[in-house]
Amino acid sequence: MAASAAASCSLLNIFSLFLAYFLFSSVTTNENTTTGDFNTTQFGENVTYNFTDYYTTTQPTVFESATPTHPSHSSTVEPALPAEPLPVSGRTLTPVTNVDRLCPCDDHNDVCDINCCCDRECSEEVALFTSCSVPAVSGSSQLCSYDVAYYSLKTAIDGYSELQASVQKETKYDAFCIHSQNRVDGLSHPSPALPTGSNFESLFKQFTGFLFGSETSAQVAPTDLPASAGYQLGDVIVTAGESGQRGVFRLPAPGVTADCVNSPAAFLKDQSSRCSRRVVLDRDCSSPSALNMDTYTRIQLFGRKDEGAAAVPVEVVSVTLQSNTGTQTELKIPGGQSLRPVLLSPTLCGNVVLKVVYVIKYGPAGQIVNATVSLVLGFVREAMLPLEQHFRVMYVQDGGGETAVQHSGNPGYVVGLPLVSGTRTTEGIVRSINLRDTLSVLRSSEDQDCLQGPHQRSPVLFGLDTESGCTLRMDDAANCTLVSQVLLDVLRGPNYPQVVASFGNSPLDNPLDWVQIKSNYNPGEAGSCSIPLSLHLEIEWTKYGTLVNPQAGIVSIREVIQTNTSSWAVLSRGSNVLPIRTSVAFIPVSAAALPGYRAMPTFNARLPFDFFSPFV
Amino acid sequence: MAFYEVYSHPALIRYKTSVCTRATLFLAAVLCLTYIPPLLVAYRSQGFWIKRSTYEEQPVVRFQYQTLLVAATSTQGDFVAWSTFPHLNNMLGPKLRIPAVSVREEDQNQDGKLDMLVLQLQLPLKPEEQVFSVQLLLTFSYQLFRMSTVAMQSLAYVQHSSSVPGAKLSVSGDLRLQQRTPLPHRGLYDIYNVSVIDGSSPFASSYDLDSIIRSYQSRNLTTVLSCPMPVWTVGRAAASPFELNAEIRYPVEVISYRPGFWETIKFAWIQYVSILLVFLWVFERIQRFVFQNQVLTTVPIPLGKPHLS
């Protein structure tokens, strides 16, 4: 800011001077020409001075004339101080303006700086110089006449260098040069305001923009809170430590990398995170660490933010033990006890926390009523490191029913939410409350084998076309009828639905709102056995309603199962494996909006009924 | 005796006719053909109404002294990280490694606008650690003043990884402005004057590089660090720190904007009138031919003849 002000000032000044040059050229010029006042004895007899006026086109290094130099080189004149300066701030130096006294390369006091030709200590060492690091020191080139101090080296007869220094008055024959400079501060920086006790804060504000350390971790002091402050959306949840100290409820989440960091959990923000832990099994298995379930269960949450709130302990609802093969069994643990991780062998650690799910029940005043946690423990082998842990927190309204029925849109489907599907029974349509038990497709696994279970499935999300698959090995396909049935189950998934809701919130008691899944697959065909090679779901959807708020609805859904029509050898083309694919395609069938023609406005004015009352 | 032209002046001849004549019809047709076709020609030859124009300006850029650094220290994915955000640093725990950073912003041409940022960062490393990749995020305050006043907070992102552990990464590039749509020609444009990284948030999700970059890239106006040639120096000694030197220049940008009403009219007027002049000349000749030769019957009133009626 200060620099830009100086720049604009100098521009203005140049302009006014330029005007003055043309209008009042008869005015006597008070050109303060400083000629070279060298102390010629200091440089020795090698130095030659030629004070000739010649005009050169070389561009010398321009130094702003207000460069403050070392105090020993300048005569310090105390300026008139408006206020008592702060004790440490000192005072500003008088700027050095003579070009022959400016020497920017003279860094060492009383020692010759190598290749610094303007250094006055270099009377003898100049013979060793190869070039001048600063060949010229110039005054402001905006003036019509300014001084330049030139420094150059000349090789003497004996091979050593000789210094040639000269101060020349350069003249500029330019229409826009400054002939007479009657305002000195136009071409130099204004003298800075001295910080005093009264203006320090304003100066600080003026000159500091951004700086390191400006980010401070603002901790909300508990005294600032109202008397009974409930939590609000996005607040961190306060925990009570063993000895009553307040902490923050933390839920591990991936930080800047995929590794777990202890991030606070935000109130009312459902969060599900997977992050990886780097552990050394024999060191971290038995010690209290992130693998221990106590870390996640021995927590007491404060019901409200304020000091006097009651602590709500986190209650362990269920502990599930997951075996190496992935089968899960629920453990019955007597209250208060916990399972500590045990090192079963140097490369195997048992009872390690794999998944933590908190369910926190909140009341309308923002208070925490109840908090439960369910855990999945498992075994960790050396090959499974870094370990992936899964953390989840859910917030449930107190008294609002344990599980609210979730819609996939209201009414139209929202892109990215799972399709709502169900099965037709004699009583009507039945659907699972859990949106994960819906129409789903096979998820690709690492072993890629279609017949090796259990398979993971991912729900069909509205609007997202997907493709995945698995492979079938030929030697597994010996029993065709069995393989065919197994493959169909793998592709369709367990409890394959029959109907799909046409809208995200289609009610169960309205069967017309549900669309039957059509299928081209006919298992009871001729005696020849056919293996399903691909399952393709074609979902046609359209937009209803206004152009501004269209509602997406499913019109029809079709399942296309391709089966092999030829023999194995032709299918696999010599290879031993056969890829089996599942795919989903969403096809928009909504017609484009048509420009509508407005009806001509009708003139609908009517006179008051008694307007002609005396005549009729 | 040779004669020479001593003086000349044009003589004005008036041709009169009544309203319901063919001459009147001809005149109306000529007027229409003179003034309307230039408009059509100018419009159909494209670019009649200018939709987008550009100007040059050097932005006022300030480094905001917000930094986020992640360095992978092993091929297994160990890392150290540091930021200027206290909440994130607290969360990082043992992964936090505080480097020595020196920053300098330079105004090289003394025009009051900063031209360059020099950032030097020295990351101390343990003997068993090596640096395989570096991710560095810097935030800037970016302002434009000439047409519309733009104030925004932007970022520069450096990412480099190598299979060979490095001793030094040197980045020298320009902070370029990227526009998706032109700026308005006037007014205040400060919808992006919000923090790129919410440093006051205690949650880890606020510092996720993926979501930071994604929400940043969804903006209409962004800056990118254009550094085509980062230099990765290998061969670090065990005791020496990893060095990261960045020189980021703030160059003059060509900014496109939507011209205002009067600028659009001005350029349209220039095009219209320049084509109109040709039509005026052509139809003037046609009219002269028609009336001089009495192709359409009119009453010529020669010069100097007194008024008849």
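This is a predicted model: local features need pLDDT of at least 70, side-chain atom pairs count only at pLDDT 80 or more; totals for chains, interfaces and linings use all residues.
1. Let me start with a hairpin: strand 10 and strand 11 of chain A form one, with five residues between them, and Gly326(A) in the turn has a positive phi of about 100°. Strands here are DSSP runs of E, at least two residues long, numbered from the N terminus.

2. Residues are numbered from 1 along each chain as its sequence is written, chains are lettered from A and ligands numbered from 1 in the order in which they are written, and side-chain values use heavy atoms, with hydrogens and water left out.

3. Chain A splits into domain 1 (99–171), domain 2 (235–397) and domain 3 (417–588), with bounds from an automatic or database domain assignment. The centres of domain 1 and domain 3 of chain A, taken over C-alpha atoms, are 87 Å apart.

4. There's also an open, antiparallel sheet of three strands in chain A, in the order 1-2-3. Strand 1 (136–138) and strand 3 (161–171) of chain A are at the edges with a single partner strand each, so one side of each has no neighbour in the sheet. Three bridges tie strand 1 of chain A to strand 2 (residues 145–155), and Ala136(A) has Tyr150(A) as its bridge partner.

5. Now the packing. The largest nonpolar core has 43 residues, and Phe140(B), Leu183(B), Phe242(B), Leu244(B) and Tyr250(B) have the most contacts inside it. Such a core is a set of buried Ala, Val, Leu, Ile, Met, Phe, Trp, Tyr and Cys residues joined through side-chain atoms within 4.5 Å, buried being under 20% relative accessible area (1.4 Å probe, protein chains only). Strand 8 of chain B gives the most to this core, with eight residues. Beyond residues up to four places away in sequence, Leu244(B) touches residues including Leu69(B), Leu119(B) and Val134(B) (contact: heavy atoms within 4.5 Å). A second, separate core of 38 residues includes Phe462(A) and Phe586(A).

6. Last one: Gln456(A) lies in the loop between strand 18 (440–442) and strand 19 (457–459) of chain A. Neighbours within four places aside, Gln456(A) contacts Val441(A), Leu442(A) and Arg443(A).

Key. Helices (H or I, at least four residues) and strands (E, at least two) are DSSP runs, numbered from the N terminus. Two strands pair if DSSP finds at least two bridges between them. Buried means under 20% relative accessible area, exposed over 50%, partly exposed in between (1.4 Å probe, protein chains only).
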